[in-house]
Number of protein chains: 2
Amino acid sequence: MFRPAIKVIDCTVRDGGLMNKWQFTDEFVKKTYDAVSAAGVDYMEIGYLSSEGAFSRKEMGPWKFCAESDLRRIIGDGEKKIKLAAMADIGRIEYADIPPKSESSLDMIRVACYVHQVDSAIALAHHCMEKGYEATINLMAVSTVGLRELNEALEDLNKSRIQVVYLVDSFGAFYSEDIDTLARKYIERLPEKTIGIHCHNNQQLAFANTIAGIIAGVNFLDATLYGIGRGAGNCPLELLLSFLKNPKFRVRPLVQVIETQILPWQEKIDWGYYVPYMLTGTLNQHPRTAMAHMESENKNKITDFFDSVTSALDMD
Amino acid sequence: MFRPAIKVIDCTVRDGGLMNKWQFTDEFVKKTYDAVSAAGVDYMEIGYLSSEGAFSRKEMGPWKFCAESDLRRIIGDGEKKIKLAAMADIGRIEYADIPPKSESSLDMIRVACYVHQVDSAIALAHHCMEKGYEATINLMAVSTVGLRELNEALEDLNKSRIQVVYLVDSFGAFYSEDIDTLARKYIERLPEKTIGIHCHNNQQLAFANTIAGIIAGVNFLDATLYGIGRGAGNCPLELLLSFLKNPKFRVRPLVQVIETQILPWQEKIDWGYYVPYMLTGTLNQHPRTAMAHMESENKNKITDFFDSVTSALDMD
């Protein structure tokens, strides 16, 4: 019943860290690493790969950088239990700061880019592949990209040596029919590549849209523990593994780490279904206005937020 | 772009009341009535229709009964702004206690039943129609019903005079593909009837499954403000109206009433996405064990809950 080509990528630390500047304790990251490994997850995206000069370590936690010394603390002395991935943003990592694979615990670099950055992203991803890593390109915010631009980007990606290209719903704006349409387009235009999907949950559709992707033929699936992630969060990993039929997956380790590590964070940061995130999703907008509103003292003044985002539309 | 046959039913007070024994203030119910009317919603299900002898008014709030005097307080002196519905459970309402439509503010009675109660449900619904009401039959918990039983029930319903039959995912156990399969079956077996859908959100699929129903041809859509309802709750009304294309729908009144009436209830009762509700959903179980766990002092001990529901499975 299951499709062996399906791989699951846990993005708890990387996407969840967008909510707390990656200020997770080593215990949090280690428990997550142990749990997703025990659950049979294929990759753990443990943070961003950034040059030390790009951000301050005073402000950002270690998982904004993913230095080898940080990774080693998590892996410990034993054998590595799961493939590790890190995301790279264009312009935040110097080529020279990427170690060769032989000196790194990372297995895969995921290059995130907007459509106008596709050329730079391909160059960076090729560079990572030359250094020995697997590489993906995660084309963000495609819900705002015109058809011609998207086709051109897919043509460039098709000519590249990149093996995995992601369909990313950055704003949580897509319905399942949109995912179906786009996933089929990606598969058609990139016939030799694997397609991945990364969804946001603004409209409570991250899990449903991930399933829609699976049905259309997508094989790399992103999810996070209890859906932790920027704004409304992501596809919940525990739901995804419950759905998938591969007998190697186990849900109990996920429930356990949600109990000990994730629920305490829920007291401190507000990811999940909230009206401001829902509204930017339905309006196909970046969640930054909703995140600012949620961090303000007036987070429950949702009618004011509705008026501000919809009156801005009138002015456009 | 929109389908005029689609009708939206707000179940905020009826399904939300399962979490607080319908102890909503008149202000809450009146503000909900005003808001869903202003939003263009077609029906408001305001509670259960029960005989006074079936429950104690000391324990249950007025919306467990929907007496005409209670309804009149909400409607006030002006014209009624929206069609009103009440749910009837087999055995909890005596025929004699149902007033003729001419003496009632209710427009529609929705008879809830399990598959073995279909004959009684049809009789009660016919009785309501003879008294002048619209009537629906909401066949609950079909995720646990065998194929032969379901086919027989649909055959009985097809022979009846009932005009609307609901596909109900009581346990929040269905994926969109299940909804598609069942909705098409209902439509095929009940060619002259309207099909409705009522989803629960245990797997964050209530909205996605409602959309799957729409695509399959379902035209009566249940939802609640901010998804309030039993356990994981229901399809959020604000998401549904944002999705539907009928220009008569307005989201702002919903955001406003969520702010003033629903968010305060969120401090007091736990509906929504919680691991215990998720687990009973994935296991296709009644949420009663999850609700008991959530009401206990150990609600965050979710690994214990996981072990208790999965070890019970081993014993079966």
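Predicted model: local features only at pLDDT ≥ 70, side-chain atom pairs only at ≥ 80, totals over all residues.
**View 1. Relation between the two copies.** Two copies of a chain are related by a rotation about an axis and a shift along it. In this model, chain B is superposed on chain A by a rotation of 180° with 0.0 Å of shift along the axis, and the RMSD is 0.0 Å. The two copies are therefore related as by a two-fold rotation axis. Both copies use the same surface, since 96% of the contact residues of chain B recur in chain A.

**View 2. The contact between chain A and chain B.** Chain A contributes 25 residues to the contact, and chain B contributes 26 residues. On the side of chain B that touches chain A, the elements giving two or more residues are helix H7 (206–216), helix H8 (237–243), helix H9 (252–266), helix H10 (275–282) and helix H12 (302–315) of chain B. Of these, H9(B) gives the most, with six residues. When the residues on this side of chain B are sorted by class, 14 are nonpolar, eight are polar and four are charged.

**View 3. The barrel of chain A.** In chain A, eight strands close into a barrel in the order E1-E2-E3-E4-E5-E6-E7-E8, and their pairing is parallel. On average, neighbouring strands of this sheet are turned by 25° against each other, direction ignored. Strands of a sheet pair through backbone hydrogen bonds, either parallel or antiparallel. Strand E2 (residues 43–48) and strand E3 (residues 83–89) of chain A run parallel and are joined by five bridges. Within this view, Tyr48(A) stands opposite Met87(A) in E3(A). Helix H6 (residues 176–189) of chain A packs on the sheet, where it touches strand E6 (164–169) and strand E7 (194–199) of chain A. The direction of H6(A) makes about 160° with that of E6(A).

**View 4. The barrel of chain B, with the pairing of E1 and E8.** Chain B also has a closed barrel of eight strands, which runs E1-E2-E3-E4-E5-E6-E7-E8 with parallel pairing. From one strand to the next, the twist averages 25°. Strand E1 (residues 7–10) of chain B runs parallel to strand E8 (residues 220–223) of chain B, and four bridges join them. Here Asp10(B) stands opposite Ala223(B) in E8(B).

**View 5. Helices H4 and H5 of chain A.** Two packed helices are described by the angle between their axes and the distance between the axes. The axes of helix H4 (residues 118–130) and helix H5 (residues 147–159) of chain A come within 10 Å and cross at roughly 20°. Because of this angle, H4(A) is roughly parallel to H5(A). The crossing of H4(A) with H5(A) is right-handed. Val118(A), Asp119(A) and Ile122(A) of H4(A) meet Ala153(A), Asp156(A) and Leu157(A) of H5(A). The contact of H4(A) with H5(A) comprises four nonpolar, no polar and two charged residues.

**View 6. Helices H4 and H5 of chain B.** In chain B, the axes of helix H4 (residues 118–130) and helix H5 (residues 147–159) cross at roughly 20° and come within 10 Å. H4(B) is therefore roughly parallel to H5(B). These helices, H4(B) and H5(B), form a right-handed crossing. On H4(B) the contact is made by Val118(B), Asp119(B) and Ile122(B), and on H5(B) by Ala153(B), Asp156(B) and Leu157(B). By class, the contact of H4(B) with H5(B) holds four nonpolar and two charged residues, and no polar ones.

Terms used. Residues numbered from 1 in each chain as written. Chains lettered and ligands numbered in written order. Contact = placed C-beta atoms within 7 Å. Nonpolar A, V, L, I, M, F, W, Y, C, P; charged D, E, K, R; others polar. Axes fitted to C-alpha atoms, helices over the stretch in contact; angles between N-to-C directions. Parallel < 35°, antiparallel > 145°, perpendicular 65-115°, else oblique. Left-handed = near helix turned anticlockwise from the far one by under 90°. Pairing = 2+ DSSP bridges. Least-squares fit on C-alpha atoms with pLDDT ≥ 70 in both.
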